[in-house]
Structures are given as structure tokens and as C-alpha cells.
Amino acid sequence: MSTKTVEINVGDIGARGAEASANADSEKMALNVGPSHPTTHGVLRLMMDLDGDVITRCEPVLGYLHRGDEKIAENMTYNQFVPYTDRLDYLAPLANNVAYAIAVEKLTGIELPERCLSIRVLVCELARISSHLLGMGVFGMDAGAWTPFMYTFTEREKLYTLFEELTGARFTTSYTRIGGVARDVPDGWLDRVTHFCENLPKAIDEVEKLLTRNRIFLDRTEGIGEVSKEDALAYGFTGPNLRASGIDLDLRKDKPYSGYEKYEFDVPIGTRGDCYDRYLVRIEEVRQSLRIIKQVIDDFPPGLWYSEDAKKIFAPPKEKILTSMEELIQNFMIVTEGPQIPAGEVYFEAENPKGALGFYIVSKGGGVPYRLKIRAPSFCNLSILEKMVPGHMLSDITVILGSLDFVMGECDR
Amino acid sequence: MIDLDFTESLLKHFTHVTKRHHDDCLTLDCGESEVNKLFLHLRDEETFDLLVDLTAIDHGETAEFRFSVVSHLYSRIHRDYLRIHSICEDNESPKFPSVSSIFPAANWHEREAFDMFGIHFSDHPNLKRILMWDEYPYYPLRKDFPLAGIETPLPAADVAEVTNASVDPAPMMGGPFVASSDGTMSESEPRAKDESWTEESEKPS
């Protein structure tokens with residue numbers, strides 16, 4: 001058997017490498033990430049220029065989930081818009097409902113009973129836990145750690161069972177009404193919440209054991225995506241992202257609403273403002289939320305879950321509509337003409353899991369808002385990408401996006 | 001909270017700034033010419049260093065001044081918001097000075113106001129559409145823009161067939177779901193496109 005040897009000329013590899021790096025300035029690669037890509041957590045698109053592995057330009061492109069919520073709001077009554085607020089930050093619909101309801105209530109000047117306020121604080125904090133559980137789990141996954149995601153999703157599933165029992169829906173809850181909440185808490189529900197809250201710290205500890213001192217995780221997140229205090233303010237950061245940069249702005253403390261001033265809790269802040277700090281702040285916020293929930297349940301006031309002053313806004317109980325003339329007419333007016341809201345303008349921001357969710361409502365009287373602007377925290381938190389990302393490696397993009405914890409439903413509205 | 005002294009000393013600094021009636025937070029009217037000066041002063045001297053929101057309002061085609069720009073600033077020291085209303089003097093092609101050099105956060109907010117209302121922010125570093133696509137010809141949050149879309153002389157045939165409206169296609173048109181604007185409720189429900197037949201009407205071949 002004879003063998004034949006063929007010589008292949010591969011050229012001088014070293015010389016080719018030198019030539020390539022000499023031309024590097026002119027040879028930037030354009031790379032599109034998204035709009036449909038696991039990294040972007042939704043439909044964000046990033047247009048980037050790469051120099052080797054280093055990103056030199058990053059331009060976010062939005063609008064792939066734009067549904068015209070603000071236009072829709074101008075064409076329907078205040079009550080009808082409540083379900084649309086679910087679809088903003090769809091990871092914490094309960095908190096969105098509350099923010100919208102309080103904004104409209106501020107226009108009308110209704111006072112709510114204690115029980116209603118407590119229920120709202122309770123559901124807001126549960127929503128925060130649910131949102132942060134997802135945020136942390138997915139962030140771990142972005143950095144290459146699959147297991148924590150399983151722990152946080154198991155807990156989140158338990159929370160959704162609780163939401164389902166309270167509101168009838170797991171995801172799009174539409175629980176809050178203007179002037180109250182849809183229904184009282186079911187019997188024994190508070191005990192089940194307490195039971196959940198007693199068991200959650202164990203799962204959080206597990207996640208912390210897997211991530212917080214994990215060498216790989218630290219290497220991937222420490223010093224990545226640093227945002228200084230000045231930048232965080234200038235670019236309109238809010239929520240955990242702002243606090244991770246070292247600014248202690250928490251609207252629950254600074255401008256308390258819905259009775260937050262009654263509860264004791266700490267506001268965790270970061271020092272460096274990098275991806276790792278943003279993760280730590282979220283972990284600690286979950287623990288603080290548990291503290292608030294415990295205080296709410298320990299001192300759960302009796303009474304009504306809706307305001308009796310809100311007769312022209314809040315639909316009366318079903319059995320009364322079916323049996324009493326006055327309530328029937330009242331319900332008819334609310335459905336056909338909408339709640340009668342006095343003319344004026346109001347801006348209200350609530351401390352949502354993602355940041356400050358604001359509603360700016362201009363009313364000219366009647367049942368439909370003249371202009372409703374949604375100030376979405378995810379929208380504002382993303383505008384810094386253009387400045388922050390250049391200089392990082394391509395592989396850091398997943399970690400940076402994961403740590404900002406945004407939701408495109410809210411960003412694009 | 002903001003007290004009266006603060007308001008009065010602020011008003012002394014500026015000739016085109018006036019206070020207006022407000023229910024929730026201090027509201028100022030500011031002339032176009034002094035916007036940049038006012039924002040700079042509020043940020044550097046008065047601790048209003050967080051621009052939380054910037055948006056526009058369309059007051060309708062019949063209004064004397066059709067568009068106004070509304071900004072909300074937050075101060076961590078006062079723990080309060082401040083609202084600034086500014087009128088755009090030109091109704092046909094509204095213009096407004098950009099504040100994005102003072103607050104980078106305004107960059108995207110101004111792009112959105114341009115996208116939705118067609119207000120041109122002068123000296124904006126990158127004024128282009130942000131939520132709608134670049135070629136989109138209208139300003140959808142203006143009051144004269146109908147909810148269903150604008151009637152065009154050359155409507156898209158497939159859209160007209162399904163909706164009976166002579167409008168340009170919405171981005172999702174031809175997507176997985178269609179809805180018709182008239183007929184009984186069961187007919188006008190959104191449905192998957194390839195199932196758009198009922199007991200009465202045959203399945204299109």
C-alpha cells in the first residue's frame with residue numbers, strides 16, 4: 001500500500017494576524033442582538049459595533065412591543081384601563097394596578113379605609129418578591145448559573161398560586177379597582193401567605209449560597225456595568241438600579257403612599273453600582289419585603305376593602321346591584337359613562353419592583369382621561385445603555401442586560 | 001415639601017416663569033426662551049437633579065396653542081416633585097429647545113414626544129423616532145389621529161377586505177390574529193386568521 005503526501009501551503013499565520021490587527025480600526029463588525037434573543041429578555045434590539053470582542057458602539061432600538069397604551073387610555077373610561085396596566089410590567093401586575101389606582105384616586109381625593117391600604121401594601125410587596133425572584137433567577141442564568149433559577153421559580157410558582165386564590169388569575173391579575181380592591185382576602189389566605197413567607201428565606205439562602213460567593217459569578221459581575229451616582233441620576237435611573245449606585249431614593253420611604261410610613265424596613269444601597277451590587281440590592285429587598293409583609297399581617301385591620309365615598313367610581317357589590325334600584329342605576333352609570341373624575345392634573349409615582357412607575361393624568365372632567373402618560377421605569381433605565389456598554393466585552397452584554405432587570409412590555413407600552 | 005419662600009425666590013430669578021394653580025405639586029409655566037436656564041438653575045442650585053418625566057400634551061386643533069411640553073423634576077432634598085408646563089408657540093411645526101444636554105434622561109423622553117406628537121426638539125443629539133418605525137408618517141398621539149388609523153386614498157387591499165376601513169396596515173396586520181370592525185359580536189372577535197369562518201360563512205379557500 002503506497003501513501004501519498006500532499007503539501008498544503010497555509011501561509012504565515014503570524015503575518016496574517018499582524019495584518020489583521022493593523023487594519024482593526026477599519027474592520028469593525030456590526031452586530032445585531034435581538035429583537036428576539038434570549039439575552040434581551042423580550043424584544044429589545046441592540047445595534048452594536050464590535051472591535052474584536054470589545055463593543056465600541058451600542059444603540060438600543062425599541063418599539064417592537066409598542067401597543068399604544070396611552071392612545072388606548074384616551075379612548076376608554078378610567079375603570080376600563082385597569083387591565084391594561086397589568087400588561088405594562090407583566091411580572092408585577094399587582095403593583096402596577098395599585099400605582100394606577102392611586103394616581104386616579106389622587107385626582108378625586110377619595111380616602112381609603114385602613115384594610116384596603118393594608119391589602120394594597122401586602123400585594124405590592126408580594127409582587128416585588130415575585131418580580132425580584134424572577135429577576136435574580138434569570139440574572140443567575142445569564143451569568144451561566146442554571147440552578148438558582150430552579151429555586152426561585154419554585155418559590156415564584158407558590159406565589160402565583162396565592163395570587164390565583166386572591167384574584168382569580170395568575171398573571172394578569174387586575175386586582176385593584178379605583179377606590180378599593182376587587183374583593184376581600186379569602187378565608188385563611190393570610191395564613192398561607194405567612195406560611196410562604198416563613199419558608200422563602202430558606203430558598204433565598206440557597207440561592208445566595210449558590211451565587212453570592214461563587215467565584216465564576218463574581219468574576220462575571222464585579223466591576224461590570226458600573227454606573228456612577230452622577231450618571232445614575234442624570235439618566236433617570238430609579239428603583240433597585242439607582243439604589244445599587246449608592247443613592248438612597250426609595251419612594252416608599254421618601255414619599256410614602258398607601259400607608260408605607262407605618263412599616264419598618266431598611267433600604268439597601270450599593271457602593272459601586274456594578275452588576276453585582278444590583279444583584280445584592282435585589283436579594284436584600286426581598287428580605288425587607290418579607291419584613292413588611294409580616295408587619296402588615298400582624299396588624300391586619302378589619303373593615304371594608306373599598307371606599308364608601310367612591311360611589312360614582314367603584315361598582316357596588318353584585319348582590320346589591322341585582323336587588324336594589326339605587327345600586328343598579330349607580331352601576332349603570334359607572335359602566336356607560338365611566339367614573340366621573342373632576343378636572344385637574346396629577347402625577348403620581350409608586351416604587352415598583354423595576355423602579356418608579358409614574359402616571360401623569362390630565363383630566364378635563366368626565367369618565368375618560370384627556371391625556372395619560374405612563375412613565376415606565378424600564379424605559380428610563382435602558383437609556384443609559386448607549387453610554388454604559390461601549391468598552392465592555394460582547395459576553396458582558398448578557399450580564400448587563402440581566403442586571404438591569406427590565407421588562408419590554410413596560411418599556412414600549 | 002416646597003414652601004412659599006422657595007417659590008418666590010425662584011420666580012424672582014426668572015421673568016418668563018409664572019406659578020399656576022396646582023393640586024398635587026408646585027406647577028410652573030415657563031416660556032420657551034427660559035427653559036434651558038430654568039432647568040439648569042433647578043438642577044444646580046435647587047437640588048432638583050432627577051428628571052423623572054418629560055412629555056407633551058395636544059390641546060386639540062382648535063386651541064390657541066396646540067402643544068405644550070410638560071416635565072416633572074424630583075428633588076431628594078425637598079422630597080417633592082415640580083411640574084413645568086411650556087407652550088410650543090408654533091402650531092403647524094411645533095418646536096422646543098432640548099434639555100438633553102442638562103438631563104441626559106431627557107434624550108429618550110424627547111424622542112418619544114417627537115415620535116408621538118411631532119414636536120421638534122432643537123439641538124437634540126439624535127432626534128428620530130423611538131417607538132414607531134423610522135418611515136412611519138404620522139404622529140399617533142395627536143388628537144386628530146383616529147384610533148383605527150388614518151384613512152388613505154390607497155389603502156392596503158388585505159386590510160380593507162378584513163376591516164372595511166381604508167387605512168394603512170398596522171404593524172401586526174397579517175399577523176396571527178385578525179379582527180373585523182363590524183358584524184355581530186361573534187364575528188368581530190379577534191381570531192386566528194386561518195380560522196376566520198363561522199357557521200354562516202364558508203371557510204375561504
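Two strands are said to pair if DSSP finds at least two bridges between them. In this predicted model, strand S4 (residues 67-75) of chain B runs antiparallel to strand S5 (residues 80-87) of chain B, and 8 bridges join them. One of the positions that can be followed across this pair is Ser71(B), whose bridge partner in S5(B) is Ile84(B).

Both strands belong to an open sheet of 5 strands in chain B, with the order S1-S2-S5-S4-S3 and mixed pairing. Strand S1 (17-20) and strand S3 (50-58) of chain B have a single partner strand each, so they stand at the edges with one side left without a neighbour in the sheet. From one strand to the next, the twist averages 25°. Helix H3 (residues 106-117) of chain B lies across S3 and S4 of chain B, and its direction is at about 10° to S3(B).

In chain A, helix H5 (residues 114-142) packs with helix H6 (residues 147-167) at an angle of about 160°, the axes being 8 Å apart, which means that H5(A) is roughly antiparallel to H6(A). Their crossing is left-handed. Among the residues that meet are Leu126(A), Ile129(A) and Leu133(A) from H5(A), and Phe149(A), Phe153(A) and Leu159(A) from H6(A).

Between the chains, 30 residues of chain A are in contact with 27 residues of chain B. Elements that each supply at least two residues to the side of chain A that touches chain B include helix H2 (69-73), strand S6 (344-352) and helix H15 (377-382).

Terms used:
Residues numbered from 1 in each chain as written. Chains lettered and ligands numbered in written order. Predicted model: local features only at pLDDT ≥ 70, side-chain atom pairs only at ≥ 80, totals over all residues. Axes fitted to C-alpha atoms, helices over the stretch in contact; angles between N-to-C directions. Helix = DSSP H or I, 4+ residues; strand = E, 2+ residues; numbered from the N terminus. Parallel < 35°, antiparallel > 145°, perpendicular 65-115°, else oblique. Left-handed = near helix turned anticlockwise from the far one by under 90°. Contact = placed C-beta atoms within 7 Å.
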